[in-house]
Amino acid sequence: MKKLQKQRRANLWLLVAAAAILIFAVLVSMVIQKVLKPEPEHDVSMWLTTPDPANRLTEQAPIHWKNDNSKESIEKAAISDTLTVEVKPDIRYQKMEGFGAAVSGSSAYLMNHGMSANQRDQLLNDLFTASGIQLSYIRHTIGASDYSVDEQGQPASYTYDDVATGKDYELNHFSIAKDRDVIDVLKQIMRRNQDLQIMGTPWTAPPWMKYGEQIYNGWYLDYTDPRVYSAYADYFVRYIQAYANEGVPIQAISIQNEPEFTTSKYPSMSMGAAEQAKFIKQYLGPALSRNHLPTQIIAFDHNWDIGGDYAKTVLGDEQARSYTHGTAFHCYKGEPTAMTDVHHAFPDKPVYMTECSGGAWSPGFGDDLSWDMSKLIIGAPRNWSQNVLFWNIALDPSGGPTNGGCTNCRGVVTIDPLSGAVTKNVEYYALGHASKFVRPGAVRIDSTHYSGSIETVAYRNPDGTLVLIAANTGASEKTFKVRQGSKVFTSTLPSKSAATFQWNSVAS
């Protein structure tokens, strides 16, 4: 028996020794591999879009960092013809909330009635999940807009409280039933992206609240009847509550779409800056507060060129400012620097880029891409915007269905209602260069910017990864270096092209 026990102990020691040798060999192998092959997380991933169809947000071969920390190399870089983009993660600016577009009534109708269930699932996955471009911010219209339809897909104008005659101060006729397609699509999106934020914007108040009592003519709220202002504040409250009851939370509202533009072609309404400030401070702000609604109030929501004076008037009113979260801008006139002007005047109030549309008036992919990158994807955040939104997320091949508005606008994607086929437009790729990589909560960081050449914007994501978006808006190919601390890499961009670079932060 003792002899058998000794043999077992000897065998056990042999097994222990063999295991130790095996572990040692594995460790040695790992060390050798680490020495011979750098950690892959230090590589830079790159995605490219070019004017020709060869690259459409196409992943490229990884780029490797190089050490470049000597005084001599830095001095040479300063006098070199090669542009150097320096990324400085320690210099931080605004926090980003997301990128996206508007689910208008027309867009929702096309998705629900112009596609099969499988086609719709594929499109929504492509737009809102990590396998696609991960859009995370949606705007929708409170009632009808110039892109609204009825159940048969025909142009339709409506609000949530339309009455044939008289006034409905108690909102007894209030209903969001005509938004059924929009609500359904928003629910489908929310199941795919839990980071989604939703903003609502009215094109008009109910006609009975307006001077002249018409939906189209752009008349302002009837200031001769004080009960109208209270009813309109309650209208916003009822809308937010009704959507919440549908399982669709509304994070923000703007007071009026394009308040300085009215038309007889589709729902619109005028609202001056002083009137908007009065409505916010005396009616809407207190109404949201009384009902314990955290929905943010966004002022203005119109073009860059007139935004400064309007926004400053609203925010310059102390009481209105206390209820107003920030201001929103559109791209159709002016320059994005208008947002910086407002930011400098009121640095504690966020600015937002909430609408811009491409269209048949500019059919060149490369020129469109460069404009979108320069003014919106890069230009808006560099001017303090905390989001970037395009107009219709989807339209049909004729730019519709419309409700009296633009006849040659383009959606982020085009849906053929006869086949359900989807065409991804230049706006899709421009958005994707940001939305796929810059997550909600990312912070814009400092990066060198060469206007008219290599234009850039950079971010640090919540997980620590860094993102650099670059566009060559010039007329010729450009080679440039990217530097973070003592590490550099080199890249070349064709004219009118865009790239996104992503990497884990490297030691300086």
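When the bonded cysteines of the protein chain are numbered in sequence order, their pairing is 1-2, 3-4. The structure, a predicted model in which local features need pLDDT of at least 70 and side-chain atom pairs count only at pLDDT 80 or more, while totals for chains, interfaces and linings use all residues, holds 2 disulfides (pairs of cysteine sulfur atoms within 2.5 Å). Residues are numbered from 1 along each chain as its sequence is written, and side-chain values use heavy atoms, with hydrogens and water left out.

Cys-331 lies in the loop between strand 10 (324–330) and helix 10 (337–345), and Cys-356 in the loop between strand 11 (351–355) and strand 12 (358–359), so the pair ties together parts that are 25 residues apart in sequence; helices (H or I, at least four residues) and strands (E, at least two) are DSSP runs numbered from the N terminus. Cys-331 is buried at 6% relative accessibility, and Cys-356 is buried at 2%, where buried means under 20% relative accessible area, exposed over 50% and partly exposed in between (1.4 Å probe, protein chains only).

A disulfide also joins Cys-406 to Cys-409, with an S to S distance of 2.2 Å. The link of Cys-406 and Cys-409 is right-handed, with 115° about the S-S bond. Cys-406 is partly exposed, at 22% relative accessible area, whereas Cys-409 counts as buried at 11%.
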